[in-house]
There are 2 protein chains.
Amino acid sequence: MPEQLTLSIDAMGGDNAPDMVIEGIQVALKKQPDLKFLLFGDEAILAPYLEHYVLASEACEVRHTSHVITNEEKVAHALRSGRNSSMRLAINAVGLGEAHGIVSAGNTGALMAIAKFVLKTLPGINRPAIAAYFPTLRGRSVMLDLGANVECDSKNLVQFAVMGEVFARIGLDVKNPSVGILNVGVEDLKGHQSVKDAASILQTTDLPIKFHGFVEGDDIAKGTVDVIVTDGFTGNIALKTAEGTAKMFGTFLKSALTSSLLAKLGALIAKPALNKLKEHMDPRRYNGAMMLGLNGICVKSHGGTDSEGFANAINVAVGLINNSMNEAIKEDYARISFEQAENEQRVGK
Amino acid sequence: MPEQLTLSIDAMGGDNAPDMVIEGIQVALKKQPDLKFLLFGDEAILAPYLEHYVLASEACEVRHTSHVITNEEKVAHALRSGRNSSMRLAINAVGLGEAHGIVSAGNTGALMAIAKFVLKTLPGINRPAIAAYFPTLRGRSVMLDLGANVECDSKNLVQFAVMGEVFARIGLDVKNPSVGILNVGVEDLKGHQSVKDAASILQTTDLPIKFHGFVEGDDIAKGTVDVIVTDGFTGNIALKTAEGTAKMFGTFLKSALTSSLLAKLGALIAKPALNKLKEHMDPRRYNGAMMLGLNGICVKSHGGTDSEGFANAINVAVGLINNSMNEAIKEDYARISFEQAENEQRVGK
């Protein structure tokens, strides 16, 4: 746990930036008043907000830049031309050791690419992955990759399993998290070769991981395992399918409960209970996706979130820094020898 | 539309077979009294149910067999040893022209494999796909493949688009259904090579298809397009993720509305409205997945459904037969020349 925890913040990323960013800092400070922030963005634009949010203003050191990477910007262009952007400079601060981690609600692809370029990956990790929390019937789970890597081989998936397990241990505060690989069936014969090989490596290697085996799509919401490992294509589609389904259900519920006078009365009486449901499913509670596998803590906030959601993303970063997540990943990862695993796999066949 | 529509039924497939199967026939007959059924299963087991469901009994001709393919049975074993099973004989009846289509709530993998072996695929279709209806904010959509083909190339996806469009036109009664390919972003640059190539073929070929382009996971529930095309791995996971999320939401809602006396009172008052929501999301309404691309109508009912759900699966089969779905697929498909499409694609690049 560092003496003085400092986060660098991309003040200009996100739909409602910088308002929700600075208010988010204010919200986070109410819980953790000792935090310090390096705030990257346009001084003139930030000034009125900093005047308004006094607590935030006192904890922030503003680093001026007028360049912003937009959501529409192509990743290659952002990498090439974004050298003075608020996002790039905020990431640089972590690379330079000025900040312990960075939070941005900006362009996901650009954030991942720039963070990978500036911070590099942890030893042995080929590709970083995006991990986030999901609500489940049992509480919360972690899923990765959510879109950083469209194509993944078995080694990538094994690396995701190791990183996801550490993320869950620290982020969910579960002592010995269970890990499952997302597949179209729980039998060993089913699925892509990459998921079969990854399962085989996890089964035959002496890893400090409670490997559950394969899980299916409905196991995500059931909370069958603490960590769900998948490639970025499938993970991104599962994440968005779940979000879309939850929104649809919410819309139908709202429309049912306003469809008649009687329904409205019932909803009014049941309001406290319905609010609890709303709170439980509130996407802001699950805001803050982690770019796992980078040599630095990098948290992505949802672009459309508000100050409460952004404060949650800050909390995620703080928790991972305080618990030295990257050190734990390096330690666990050093225990895997892929050659050994592959040999055992071959012998086992 | 055939003069006397006959369906062959695997009476022994499904968790609650043959009870829900025969009651399902009874339910279907109340709406469509002219249907006839060939009922494949164990005569002694079927007898008491047929005695109970008189309407069904009158419309059914029982074909005795004591062999049943279980849900746990491996596909290869079912193919090899299932020659006298209720499922195989029911499919044979379609191949022999005794029935216009078959409905089974049994082992999905076995049903697809046996149906493909017995009925063969439609001209030009390499691989059949499983398609089903989804509830959306706008009504219903069709998604395929839901698990028949774990690996798909661009040609498979284009074939799915053609078949799915016809299925939606007939099944959803939409004049000119829009078709989208599931991807991790809507930009042309994103995703697997197979989805990019499939999109390119659909964009450059003169097909009678309203091709929308790429859609993302949340577009499924939004109802952005009428037909969602994807590989069987992603489709299966998206389907089950959506089911799991909807179930979780339902469980949370129920638990919220029984969490206090006040909540219970509110729920009681709003009950008619909540029942409408329940009805709208009722999976039985969406029961009946179609095995598309086979030279015969083959509908898979969910194994855990009840008689209402099984009756829906029967209705799906009847609708497709009455509207000559396979003729429409053949007609549309004949218009695609992959060579031409690929040439145009090459020129376009």
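Visitor: Where does B:Asp145 lie in chain B?
Guide: B:Asp145 lies in the loop between strand E6 (139-144) and helix H7 (154-171) of chain B. Helices (H or I, at least four residues) and strands (E, at least two) are DSSP runs, numbered from the N terminus. The peptide bond from B:Leu144 to B:Asp145 is cis, with omega near 0°.

Visitor: What should I know about the numbering and the model itself?
Guide: Residues are numbered from 1 along each chain as its sequence is written, and chains are lettered from A and ligands numbered from 1 in the order in which they are written. This is a predicted model in which local features need pLDDT of at least 70, side-chain atom pairs count only at pLDDT 80 or more, and totals for chains, interfaces and linings use all residues, while side-chain values use heavy atoms, with hydrogens and water left out.

Visitor: Which residues does a cis peptide bond join in chain A?
Guide: A cis peptide bond joins A:Ala17 and A:Pro18, with omega at about 0°. A:Pro18 is found in the loop between strand E1 (6-10) and helix H1 (19-31).

Visitor: How many helices and strands are there in chain A?
Guide: Chain A has 15 helices and 11 strands. Of its 349 residues, 58% count as buried; buried means under 20% relative accessible area, exposed over 50%, and partly exposed in between (1.4 Å probe, protein chains only).

Visitor: Where is A:Ile228, and what does it touch?
Guide: A:Ile228 is found in strand E9 of chain A and counts as buried, at 1% relative accessibility. Not counting residues up to four places away in sequence, A:Ile228 touches A:Val142, A:Met143, A:Leu144, A:Gly180, A:Leu182, A:Val215 and A:Ile220, where contact means heavy atoms within 4.5 Å.

Visitor: And how far apart are A:Ile228 and A:Pro18 in space?
Guide: They are 33 Å apart, C-alpha to C-alpha, and 210 residues apart in sequence.

Visitor: What about A:Thr230: buried or exposed?
Guide: A:Thr230 is buried, with a relative accessible area of 3%. This residue is found in the loop between strand E9 (227-229) and helix H10 (232-256) of chain A. Leaving aside neighbours within four places in sequence, the residues in contact with A:Thr230 include A:Met143, A:Leu144 and A:Asp145.

Visitor: Changing topic, which residues have a positive phi without being a glycine?
Guide: Among them is A:Lys120, with a phi of about 65°, in the loop between helix H6 (108-119) and strand E5 (129-136) of chain A. A:Lys120 is partly exposed, with a relative accessible area of 47%. Another is B:Asp173, with a phi of about 60°, in the loop between H7 and strand E7 (178-182) of chain B. B:Asp173 is exposed, with a relative accessible area of 69%.
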